[in-house]
Amino acid sequence: MTDTTSDLGAEALDQQSASSPSSGPASASASAPADAEPKDADLENDLDDEDDDEDAEDAEESAEGSPEGAANGSASTRSSTDLFRESEIAADYMEGLLDILDYDGDIDELVVSGRPVVEVVEGGDGSGKRLQALVGQRGATLEALQELSRLAVFRQTGSPSRLLLDVGGYRALRRKELGAIAKNAAEKVKEYGEAVRLEPMSAFERKCVHDVINALPGVESESEGVEPSRRIVVRPTA
């Protein structure tokens with residue numbers, strides 16, 4: 001399903017590029033947008049997708065956090081109108097993709113805490129189960145669609161975007177699951193006094209875990225490894 005969705009996503013992106021005039025410099029060969037976030041240890045990082053070094057991986061985690069987080073980086077210099085325009089572009093792209101897939105769903109365009117957000121929700125006709133195909137295993141397809149949506153924005157604006165895409169409320173549900181995983185790991189660390197290594201996670205998932213661990217006394221967390229095997233290590237506070 002993921003491969004088919006990716007191919008159709010690329011087709012929708014090409015169709016949108018051909019039919020929509022660019023409002024800024026764009027290139028058909030442009031790579032996925034890279035965002036910049038201030039580096040503050042490992043807990044508030046991970047936003048740069050194009051940089052291969054450690055700082056880029058740390059920046060990505062902050063970018064994939066919840067929309068309630070404070071806006072940083074390039075988004076902080078944009079007006080609400082610009083940010084909403086990014087949501088509109090991404091929503092148009094997702095609408096085109098849904099049409100190609102013959103999926104039904106309502107699309108909400110939002111700006112939350114200085115960040116453009118697009119939410120695809122069930123249209124009230126029992127389409128929720130089909131929309132879950134856009135999430136994929138552990139959100140893998142959703143992350144790919146988010147990058148395609150950001151690329152659609154980049155092609156029209158010429159600027160990287162911190163757009164957050166959600167389908168069927170997946171991110172909120174996954175955030176609760178990760179909160180339980182983080183608390184369980186923290187309890188084990190406190191009980192045995194040894195570090196606990198969690199399974200590999202996406203940047204969004206790591207950010208959720210970091211947020212929970214950071215709020216608990218006696219434990220700390222950091223990321224190690226490289227994608228797609230990058231994971232969190234929870235250890236006693238030094």
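**Close-up views of a predicted model**

S223 lies in strand β5. This is a predicted model, in which local features need pLDDT of at least 70 and side-chain atom pairs count only at pLDDT 80 or more, while totals for chains, interfaces and linings use all residues. Residues are numbered from 1 along each chain as its sequence is written, and side-chain values use heavy atoms, with hydrogens and water left out.

View 1. Helices (H or I, at least four residues) and strands (E, at least two) are DSSP runs, numbered from the N terminus. S223 has a relative accessibility of 7% and therefore counts as buried; the term buried means under 20% relative accessible area, exposed means over 50%, and partly exposed is in between (1.4 Å probe, protein chains only). The side chains of S223 and H210 are joined by a polar contact of 3.1 Å. A polar contact is a pair of N or O atoms within 3.5 Å; within protein, one must be able to donate a hydrogen and the other to accept it, and residues adjacent in sequence count only if both atoms are side-chain atoms.

**View 2. Helix α7, residues 203–214.** Helix α7 has twelve residues and spans 16 Å from its first C-alpha to its last, close to the 16 Å expected at 1.5 Å a residue. The expected span is 1.5 Å times one less than the number of residues. Ten of the twelve residues of α7 are buried, among them F204, C208 and H210.

View 3. A salt bridge is a side-chain nitrogen of Lys or Arg within 4 Å of a carboxyl oxygen of Asp or Glu. The side chains of E222 and R235 form one, at 2.6 Å from N to O. E222 belongs to strand β5 (residues 219–224) and R235 to strand β6 (residues 231–236), so the pair ties together parts that are 13 residues apart in sequence. E222 is partly exposed at 33% relative accessibility, and R235 is partly exposed at 24%.

View 4. In helix α3 (residues 80–101), R85 and E88 are three residues apart, about one turn of the helix, and their side chains meet in a salt bridge of 3.9 Å, N to O. In helix α6 (residues 170–192), R174 and E177 are likewise three residues apart, and their closest N and O atoms lie 3.0 Å apart in a salt bridge. R174 is buried, with a relative accessible area of 9%, whereas E177 is partly exposed at 45%. R174 and E177 also belong to a network of salt bridges with R138, E199 and E205.

**View 5. Strand β3 and its partner β2.** Strands β2 (residues 115–121) and β3 pair in the parallel sense over four bridges; two strands pair if DSSP finds at least two bridges between them. D166 in β3 is the bridge partner of E119. Both faces of β3 (residues 164–167) are covered, with L164 and D166 buried on one side and L165 and V167 buried on the other.

**View 6. Confidence along the protein chain.** The pLDDT is the predictor's confidence in each residue, from 0 to 100. Its mean for the protein chain is 76, and 66% of the residues reach 70 or more. Confidence is lowest in helix α2 (residues 54–63), at a mean of 44, and highest in strand β4 (residues 196–197), at 97. Where pLDDT is low, the predicted coordinates should not be read in detail.
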